[in-house]
Amino acid sequence: MQKSIGLKKIKVAVFISGTGTNLKNLIKFSLSPGSPIKVALVVSNNSNALGLNYIKKYKIKKKIYKFRNISKEENIILNELKRKNIELICLAGFMKILSKNFIKMFNGKILNIHPSLLPKYKGLNTHERVINNNEKFSGCTVHIVNSKLDSGKTILQKKVKISKNDTPRSLAKKILKQEHLLYPKAIVKFLTNL
Ligand code: GRF
């Protein structure tokens, strides 16, 4: 059942660490007609994250946590999420690893986007590794976050063809474009199946 069509929108917190193009795209999606989500909070471990600039004009609240004392800060974040009635977390270029306890407490409602065709190329420097291995295809995956890195159930994937001239940078650009199409679709699919 998709909860929010014609009803209340699902409140989402987006966690970012850097550029935030996926955040920007999710905000755009949240404002589109019939969107099931409202981006109600942005959480970052980096007060200089470029993505934080996007949220000003939409008056979206932000919270910065250093994630140094993980268990203490995660409890504060969980309380904040509860206070704001956040029902879904979307990780979008968030470079910190959430604890098992946090993931459990949030009850499986955390999604992540990863720039590879998982289960291949988990972790960092995906595009470099893909190119070095002469892969013909790469892509992106939206998955549910579980306690193992980049390993939760896949919701949607998009394949991208790698051309001979692709560099890690050009491939990242190609894939990012597809990420922006994939994340909203995956959110709708996830919410529909709740
Ligand atoms: C994306 O490629 C995402 O898949 C990965 O980090 C990058 C974040 O890009 N997890 P942006 O900050 O959303 O522009």
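Analyst: Here is a tour that starts at the ligand and then moves out to the whole chain.

A word on the basis first: this is a predicted model, in which local features need pLDDT of at least 70, side-chain atom pairs count only at pLDDT 80 or more, and totals for chains, interfaces and linings use all residues. Residues are numbered from 1 along each chain as its sequence is written, and side-chain values use heavy atoms, with hydrogens and water left out.

Around the ligand you will find Thr 19, Gly 20, Thr 21, Asn 22, Gly 93, Ile 113, His 114, Pro 115, Leu 176 and Glu 179; a residue belongs here if one of its heavy atoms lies within 4 Å of the ligand. This shell is made up of 3 nonpolar, 6 polar and 1 charged residues, where Ala, Val, Leu, Ile, Met, Phe, Trp, Tyr, Cys and Pro count as nonpolar, Asp, Glu, Lys and Arg as charged, and the others, Gly among them, as polar. At least two shell residues come from each of α1 (21–31), β5 (110–114) and α6 (168–192); helices (H or I, at least four residues) and strands (E, at least two) are DSSP runs, numbered from the N terminus.

Some of these residues make polar contacts, meaning pairs of N or O atoms within 3.5 Å. A backbone N or O atom of Gly 20 is 2.7 Å from a ligand oxygen, and a polar side-chain atom of Glu 179 is 2.8 Å from an oxygen of the ligand. For Ile 113, a backbone N or O atom lies 3.1 Å from a ligand nitrogen. Of the 370 Å² that the ligand exposes when taken alone, the protein buries 81%, by the Shrake-Rupley method with a 1.4 Å probe.

Now step back to the whole protein. It has 6 helices and 7 strands, running β-α-β-α-β-α-β-α-β-α-β-β-α from the N terminus. The radius of gyration, taken over C-alpha atoms, is 16 Å, close to the 16 Å that the globule rule (2.2 Å times the number of residues to the power 0.38) gives for 194 residues, so the protein is as compact as a globular protein of that length.

Most residues other than glycine have a negative phi, and most peptide bonds are trans.

Definitions and conventions:
Polar contact = N/O pair within 3.5 Å; in protein donor to acceptor, adjacent residues only side chain to side chain.
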